[in-house]
Amino acid sequence: MKPLFKNLLATLSLCLPLLANAALDPALLQPLAGDDPDARVAAVARIAATGGSDARQVLQALLDDALVATPAGQVLIVRDDQAIDAATGKALPVPDGADGVVVNNRLRGAVQAALSGLALLAPARDERLAAVHSLQAQDADPAQAPLLRQALARETDTDIKAQLAQLVARADLESSDPATRLAAVTALADSGDAALRPQLQAMLTEEPDAALRAAAGATLRAIDGRVARNEVIGNLFYGVSLGSVLLLAALGLAITFGLMGIINMAHGELLMIGAYTTYVCQSLFRHYLPGAADWYLVAALPAAFLVAFAVGVVLERSVIRWLYGRPLETLLATWGISLMLMQAVRTVFGAQNVEVANPAWMSGGVTVLGSLVLPYNRIAIIVFAALVVAAVWLVLNRTRLGLFVRAVMQNRRMADCVGVPTGRIDMMTFGLGSGIAGLGGVALSQLGNVGPDLGQSYIVDSFMVVVLGGVGQLAGTVLGALGLGEINKFLEPVAGAVMAKICILVVIIVFIQRRPQGLFALKGRSVE
């Protein structure tokens with residue numbers, strides 16, 4: 001494959017000055033109708049060398065198994081039962097006896113390589129950029145240098161031009177000319193590609209030129225510094241992302257456990273209910289509104305909140321209200337409820353995980369600092385967590401419901417005496433905490449599969465966040481979640497995922513021993 005690719009690139013580079021969109025010569029197409037594999041590969045190289053849209057069309061048809069040949073040697077492109085003469089572009093009926101051109105792996109590789117080279121000269125920016133990314137994913141090859149230089153000379157886009165310059169430098173690293181290698185090493189000092197390290201390290205020991213060895217060492221140090229900086233920034237971002245997930249999972253618990261003093265072991269299942277509601281919304285949109293399927297999240301957010309809110313209200317009215325002031329019995333009762341909810345979900349949706357796909361506008365990511373990719377779905381969850389925290393703060397501090405909630409939690413008897421409906425406030429508060437858990441479930445559905453055990457993965461972390469932040473403290477919950485997320489992401493590369501969890505648990509235990517009220521002072525019903 002590699003010599004073949006070199007030959008194709010060399011042929012393309014030699015013929016670039018002659019590129020034109022002229023019609024294809026039938027003699028170029030003739031070998032494709034024959035049985036000689038070598039002649040077919042050579043024909044692909046000659047067709048690609050013409051560089052026009054006709055050549056791209058023929059090669060793409062060959063790749064798509066849409067190229068046929070008649071017994072007379074005429075080559076046709078057949079799509080949707082309509083034949084087009086590959087040489088003249090004229091439409092004609094599919095002749096009798098036409099047979100498809102056989103494409104083996106060798107020929108397919110040759111066609112793909114030719115199309116990648118042609119794409120560097122495409123008029124569309126996206127196509128050229130995709131070709132550059134494709135070449136970046138391949139090993140550098142000196143044979144690419146002439147073609148890359150031609151493409152670099154033609155390129156007008158600044159971003160693509162910079163990437164092409166890096167590709168040229170990568171290809172020149174294997175050049176036989178020491179001056180070319182030195183220029184390539186110097187040019188790569190601006191790169192943050194860690195894949196260059198082995199090649200540069202080899203130059204440190206194998207390169208006979210002292211100046212080249214020194215340049216390779218300087219470039220290697222520059223790349224290492226850039227990679228280390230990207231790792232730190234990446235860990236910071238993913239720590240905030242994990243902290244946002246923990247925050248969404250723990251925010252509802254901060255209300256039901258922090259303010260009401262209920263040890264709600266079914267909180268994880270309320271997350272799960274929010275995630276399954278998202279799955280149902282996705283299914284309904286796909287079935288009834290396929291054209292708007294990417295916007296199912298807009299409907300899932302209020303739906304998940306309302307469904308989890310309703311489940312929370314039912315739990316509070318049927319079970320929790322009879323257990324206020326008896327935390328151990330609340331723990332056992334809600335644990336039993338969590339088992340029942342999991343079994344109910346298994347009965348309705350099955351025991352297997354279900355898939356909730358990211359909408360198209362949340363797929364992919366943004367590239368920063370050269371090689372660091374920040375996924376859109378995690379950016380969206382960070383923004384969403386900030387909005388949910390702001391909404392909860394507004395509800396608790398700027399609404400009549402929030403005033404009653406704080407009054408009941410701080411002094412129930414006094415609130416009851418002044419006419420606050422404490423029972424209804426209890427119901428609404430528990431429902432609010434459950435609804436926020438449902439919103440957390442929507443966010444979790446965007447990061448992985450949804451299953452009956454989804455909530456079990458977050459219940460311990462949620463309690464850790466609430467206890468660390470200070471029971472009943474919204475600000476403490478935010479700081480606790482973000483702090484645990486950052487610590488976890490910086491410990492994982494060093495100690496591994498399991499040991500990082502253990503270390504965090506030990507740190508929290510030691511911290512709680514020295515400061516039982518958490519990061520912020522304890523307030524709430526337990527003060528009474």
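**View 1. Ile 77 stands opposite Ile 84 of strand S3 in this predicted model.** Strand S2 spans residues 75-79 and strand S3 residues 82-85. The two run antiparallel and are joined by four bridges. Arg 79 faces Gln 82 of S3. Two residues separate the strands of this S2 and S3 hairpin. Asp 80 takes a positive phi there, near 55°.

**View 2. S1 and S2 make a second hairpin view, with five residues between the strands.** Their pairing is antiparallel, over three bridges. Ala 69 has Val 75 in S2 as its bridge partner. Gly 73 lies in the turn and has a positive phi of about 95°.

**View 3. The open sheet holds five strands.** Their order is S4-S3-S2-S1-S5, with antiparallel pairing. Strand S4 (91-92) and strand S5 (99-100) each have a single partner strand, so one side of each is left without a neighbour in the sheet. Helix H4, residues 53-63, packs on the sheet. H4 touches strand S1 (67-69) and S2. The direction of H4 makes about 65° with that of S2.

**View 4. Helix H11 packs against helix H18.** H11 covers residues 210-259 and H18 residues 422-445. The axes are 7 Å apart, at an angle of about 170°. Angles over 145 degrees count as roughly antiparallel, and H11 and H18 are therefore roughly antiparallel to each other. From H11, the contact includes Val 245, Leu 248, Leu 251, Gly 252, Ile 255 and Thr 256. H18 contributes residues including Phe 430, Leu 432, Gly 433, Ile 436 and Gly 440. By class, the contact residues are nine nonpolar and five polar, with no charged ones.

**View 5. Trp 295 and Trp 361 form a stacked ring pair.** The model has six aromatic pairs in its count. The ring centres of Trp 295 and Trp 361 lie 5.5 Å apart and the planes are at 20°, so the pair is stacked. This pair links distant parts of the chain, 66 residues apart. Trp 295 sits in the loop between helix H12 (267-288) and helix H13 (296-318). Trp 361 sits in the loop between helix H14 (327-349) and strand S6 (365-368).

**View 6. Two spans are shown from the "transmembrane region" listing of an unreviewed UniProt entry.** The entry lists residues 236-263 and 295-315 among others, including 327-345 and 379-396. In the model, residues 236-263 are 86% helix and 0% strand. The end C-alpha atoms of this span lie 32 Å apart. Residues 295-315 are 95% helix and 0% strand. Their end C-alpha atoms are 31 Å apart.

Methods: Residues are numbered from 1 along each chain as its sequence is written. This is a predicted model: local features need pLDDT of at least 70, side-chain atom pairs count only at pLDDT 80 or more; totals for chains, interfaces and linings use all residues. Side-chain values use heavy atoms; hydrogens and water are left out. Two strands pair if DSSP finds at least two bridges between them. Contact means heavy atoms within 4.5 Å. Axes are lines fitted to C-alpha atoms, for helices over the stretch in contact, and angles run from 0 to 180 degrees between N-to-C directions. UniProt positions are given in the numbering used here, feature names are shortened, and annotations may be inferred rather than shown by experiment. Angles under 35 degrees count as roughly parallel, over 145 as roughly antiparallel, 65 to 115 as roughly perpendicular and the rest as oblique. Ala, Val, Leu, Ile, Met, Phe, Trp, Tyr, Cys and Pro count as nonpolar, Asp, Glu, Lys and Arg as charged, and the others, Gly among them, as polar. Rings of Phe, Tyr and Trp (its six-membered ring) pair if their centres lie within 6.5 Å; planes under 30 degrees apart count as stacked, over 60 as edge-to-face and the rest as tilted.
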